[in-house]
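Have the model open while you read.

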Amino acid sequence: MLKKPLLLAAVALQFAFVAQAQQEPVNLDVVHRIKQEGLKNSQVMETAFYLTDVSGPRLSGSPGLDRANQWAKDKLTEWGLKNAKLESWGEFGKGWEIQKSYIAMTAPYYQHLIATPKAWTPGTNGPVKGKAVLVEIEKEEDLQKYKGQLAGKIILTKLDNEAKTTFEADAKRYTLDQLKELAMSPEATGNSTSSWTPERIAQYRARMALRNKATEFFKTEGAAVILSTRGGMHGTHFTSNGAPYAKDAAPALPELEMGLEDYGRLVRLLEAKQPVELEVETKTRFYSDDLKGYNVIAEIPGTDKKLKDEVVMLGGHIDSWHASTGATDNAAGVAVMMEAVRILQSLGLQPKRTIRIALWGGEEQGLHGSRGYVKNHFGDPATMKLTKEHEKLSAYYNLDNGTGKIRGIYLQGNDAIRSIMEAWLAPFYDLGATTVTIRNTGGTDHLAFDAVGLPGFQFIQDEIDYDTRTHHTNQDTYERLQADDLKQAATIVASIVYHTAMRDKLVPRKPLPKPRQAS
């Protein structure tokens, strides 16, 4: 039960939302119908199942992503959307997938280990049985100590961190106080608490430069395999790429990533001068027949003679990393956005503007799909030379922060849209979506639109266990999805997209940014 001060504050906030709703028209009959369809007849978890369990990992350029793209295009067409297609955003590079992966410690005793090959690394060309070597490097000169000693060896480097018991829950939701602080923040950048100081950035770059030199040294010396860790505990490990995906990228060594427990045991044994032997076999495959990257595009056509050429967009990235099936990053966002257009289509609503869904490829390697699309359709942020289509886009809405329910929206520094968003969220106060913040948020596809002055928005979501357990890990599975949260999110997105499509005018824009470089 809410304490009296909190209850009074909640009531006051609800009245404030109602007041805003009276200023910006909200079709409550349509909202009711959207809620009924979205909360009672949802297909969001079925969609998520096909994106994850059926399609598999969806690394950019991989057969898994091809499967998911084709399935999504066909499903959107089946639901009645028009102009569904796979649209190239430009050249990506080589595709890649794992076809076999096995690693175990065989001495001083047998123990199967949990690890994943790093993306775009080659296989071992059959089983490798070798001694593990702990290489301790603080500076480039330290590499010379190992010259002539690494041929056929399996390389580990010293741990930067260790697995420690934690006393906080993996999963969490925003508290009322946290949402209030987020809403009241005057900082549009939202970067006031960033730990990435210039000094830390310089240190990171220096570490990466040393790591690259070490990797090249290991290769020259004839090492067989590299093992590494970026953290993760309780059977969870993070994963990334171990080599470039460019079509002309130089070959790398086989490399696998592990969690802290397995990696830590190997390091402790080696530090104690205990001989460690490992058996490793990985088989990976590169794909270079088609170097392009693709987005999935489909539409609900507008019906107003004057406004149907204008567009409201929604989307999320459909690609993932490869250690699991990318459920919270970002099958969750894709399933929600697909469900939102399914809701609108199933209700037979007739939007004035065209509603266009985009499922982006190549996000994990640098927002490639959305940036390529924006450059092809709307303008180049480097020069700010804009197209006619730029004039026709009302807004873009993105979802890419895990499985948590929507708690509000980031305005991305666009204060002119505050009262509109407050009005559109008002009918969903009872579902927990109460917060509108001027803050920006980064790291995902709405930034491509914002970069050319288009209204691009990311929703505020409960974190659940995104940062602690699922984001870019081997535990990002269907089981981590919260069905009720995804239903809530799809319902809210459907309503906001509908009301954006029905406004008399485009949503307000910020001033155009300056070109990022001279034209």
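Lys-35 counts as buried, at 17% relative accessibility, in this predicted model. Its salt-bridge partner is Asp-430, with N and O 3.6 Å apart. Asp-430 itself is exposed, at a relative accessible area of 58%.

Next up is Asp-462 with Arg-407, another salt bridge, whose closest N and O atoms are 2.9 Å apart. This pair also links distant parts of the chain, 55 residues apart: Arg-407 is in strand 16 (residues 406-410), and Asp-462 is in the loop between strand 18 (456-461) and helix 12 (466-470). Asp-462 is buried at 0% relative accessibility, and Arg-407 is buried too, at 10%.

Then there's Asp-450 and Lys-510, whose side chains meet at 2.8 Å, N to O. Asp-450 lies in helix 11 (residues 446-450) and Lys-510 in the segment after helix 13 (483-502), so the bridge ties together parts 60 residues apart in sequence. Lys-510 is partly exposed, with 28% relative accessible area.

| Salt bridge | N to O distance |
|---|---|
| Asp-430 and Lys-35 | 3.6 Å |
| Asp-462 and Arg-407 | 2.9 Å |
| Asp-450 and Lys-510 | 2.8 Å |

Some bridges share partners: Lys-118, Arg-211, Arg-230, Glu-255 and Glu-257 are joined into one network that way. How many salt bridges are there in total? The count comes to 32.

Note on methods
Residues are numbered from 1 along each chain as its sequence is written. This is a predicted model: local features need pLDDT of at least 70, side-chain atom pairs count only at pLDDT 80 or more; totals for chains, interfaces and linings use all residues. Side-chain values use heavy atoms; hydrogens and water are left out. A salt bridge is a side-chain nitrogen of Lys or Arg within 4 Å of a carboxyl oxygen of Asp or Glu. Buried means under 20% relative accessible area, exposed over 50%, partly exposed in between (1.4 Å probe, protein chains only). Helices (H or I, at least four residues) and strands (E, at least two) are DSSP runs, numbered from the N terminus.
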